[in-house]
Amino acid sequence: MKQIVVLSGKGGTGKTVMTGALAAFVDNKLLVDCDVDAADLHLLLEPEIIERHEFRSGHKACIDSGACVRCARCFEVCRFGAITKDLQVDPGACEGCGLCARLCPVQAIRMAENMCGEWFVSRTRFGTMVHARLGAGEENSGKLVARIRQRGKELAIAGKRDWVIIDGPPGIGCPVMASLSGVDAVLLVSEPTCSGLHDAARVIDLGKHFRIPVLLAVNKWDINPAVTETIERYCLDNGVAIAGRVPFDRSVVDCVVSGKTVMEGAAEVVKSAVADVWQNLSQIVTGASERNKEAV
Amino acid sequence: MIIAVASGKGGTGKTTVAVNLALVAGSVCLLDCDVEEPNAHLFLKPEWREETPVTVPVPEVDVSRCTGCGECARVCAYHAIAVIPGIDKNPQPLVFPHLCHACGACSLLCPTGAIHENRRSIGIIQKGTRGSVSFAHGKMNVGEVLSPVLIRRVKELADSRGLTIIDAPPGTSCPVVAAIRGVDFCLMVTEPTPFGLHDLVLAVAVVRQMKIPFGVVINRAGLGNDAVENYCRVEHIPVLARIPFAREIAVCYSGGETLVDKSLAMAGLFHELYKNILRVKDETDRCS
């Protein structure tokens, strides 16, 4: 079983459209949507939830105002600015370290477990999908990602799946690192813009940092062919293989609007481009593991 | 006044709106708080003036004073310290700096005062100017998780008397909250697609919870369907600007150019947007 994560650094380059397309195209796979704070893959795959779990992680301070003697020790020691001057907890700023509760001379502060989201196992027309929803403005997205990755892996092993395809979040922060850990390859979906290149470079650095191979696909490549070439050259110079190019086509937007993957309704040029990306990607990933086996 | 430009979904045009708005707003401070993937500088092209490292405290153990009692590991809510047998078989604390939130609990609560704090770099802040725009952004080190800390440091550079525009990161979780906390107005950039709408609804939940006045900019208007317009109408959310979907705009963006420098119509659109923000902000202030 191989795990592939679709990342981009920059948002809106087409990660979810690409993941949806692979969901429709690749056989014997399981899907995980790791963009837990603004998940969109379910809009294309219409999951029917079969398992639902609460996600609790971390703690938040709660001050019992009846017991509080207003010494302001909590205010003095909190480094997150989570205790206001009138000695109230700002839950959005509290990072749950618990220092205030430990130092309160009258034990008026309690650390309450934080319910920060939900996660699900669902049936879709393209097989099983594991996904989640982080509460508005919550933290610990990295832990939630790790949780659904683990469940996805268990189900993939039990179901003898060949592939786990993961839709990643934008950026390079903690949920991205949690999406990336232990995968066999990153499919980097970029776009031919100067910010697309800038952000792709940061993802490539992250891949190097974790020693995970990265492959590039430039989406909407024909919007600016010159920038596409610049990105591809940058990638080749940095040890990133090119998996393919997907053209800009309005039929892609029409698919998203009607809740379909591009494999179910976009123009042929788009479908064959995605098929090429997958062929190159899967060959390189399985080829690499064959070589590793031989080396062992 | 501080205006934050946010969106649930990435790639809807936050940076485009933030930079172009800054360029028409006159004397303004523009802060790029997308510290994982800062992009505003690619379009603004500021003249860089200074660069400062951003550090956070990280515990360091003085082995000669440590008794191996394990209190530091017990009080750490982030499992950033483990106490394990050292070379001489005595228990010794081992610090994992990347898990540390720099709360200070271990150093304050160590019974023998064996822990003091060093500084660890998590990224840099770069400052520059272009014309009447003073600019700064944070750039987080690759592999680092403390983006909210860096975001807060960048926000400390806000102009307390004039206008500040903040380019926020995408999503709805802690980095976004750090970027928009305490701002006077939030501009939500979306696109008229099911993805844009879905993530807009999530982002609206966050700003409403934080009680920040807000309005919407629809980018690539005319591309998908009417669902975003309908949602805004039903929810009484003001749509402050519509940037049309046009290949020329996409090409202009792809080359790192700003829209207001390229077209008079766009300059007019962003002037109008700025006026609309002031009007809506004024109306909400009077209501509350």
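The model is predicted: local features need pLDDT of at least 70, side-chain atom pairs count only at pLDDT 80 or more, and totals for chains, interfaces and linings use all residues. Residues are numbered from 1 along each chain as its sequence is written, while chains are lettered from A and ligands numbered from 1 in the order in which they are written.

**Chain B**
- Chain B contains 11 helices and 11 strands (DSSP runs, numbered from the N terminus: H or I of at least four residues for helices, E of at least two for strands).
- The C-alpha trace of chain B spans about 75 × 40 × 35 Å along its principal axes.
- Of the 288 residues in chain B, 51% are buried (20 or more other C-beta atoms within 10 Å of the residue's own, with C-beta atoms placed from the backbone).
- Among the contacts in chain B with a separation of 6 or more, 73% join residues 24 or more positions apart (a contact requires C-beta atoms, placed from the backbone, within 7 Å).

**Interface between chains A and B**
- Contacts link 48 residues of chain A with 50 residues of chain B.
- On the chain A side, the elements giving two or more residues are α4 (99–103), α7 (194–209) and α9 (250–257).
- The largest share of that side, eight residues, comes from α7(A).

**Helix α11 of chain B**
- Helix α11 (residues 264–287) of chain B has 24 residues and should span 34 Å at 1.5 Å a residue, which agrees with the 35 Å between its end C-alpha atoms (the expected span is 1.5 Å times one less than the number of residues).
- The buried residues of α11(B) are L269(B), F270(B), L273(B), Y274(B) and I277(B).
- The elements covering these buried residues of α11(B) include β1 (2–6), α1 (14–24) and β9 (185–190) of chain B.

Note on methods: A residue is buried if 20 or more other C-beta atoms lie within 10 Å of its own, exposed if 12 or fewer, and partly exposed in between; C-beta atoms are placed from the backbone. Two residues are in contact if their C-beta atoms, placed from the backbone, lie within 7 Å.
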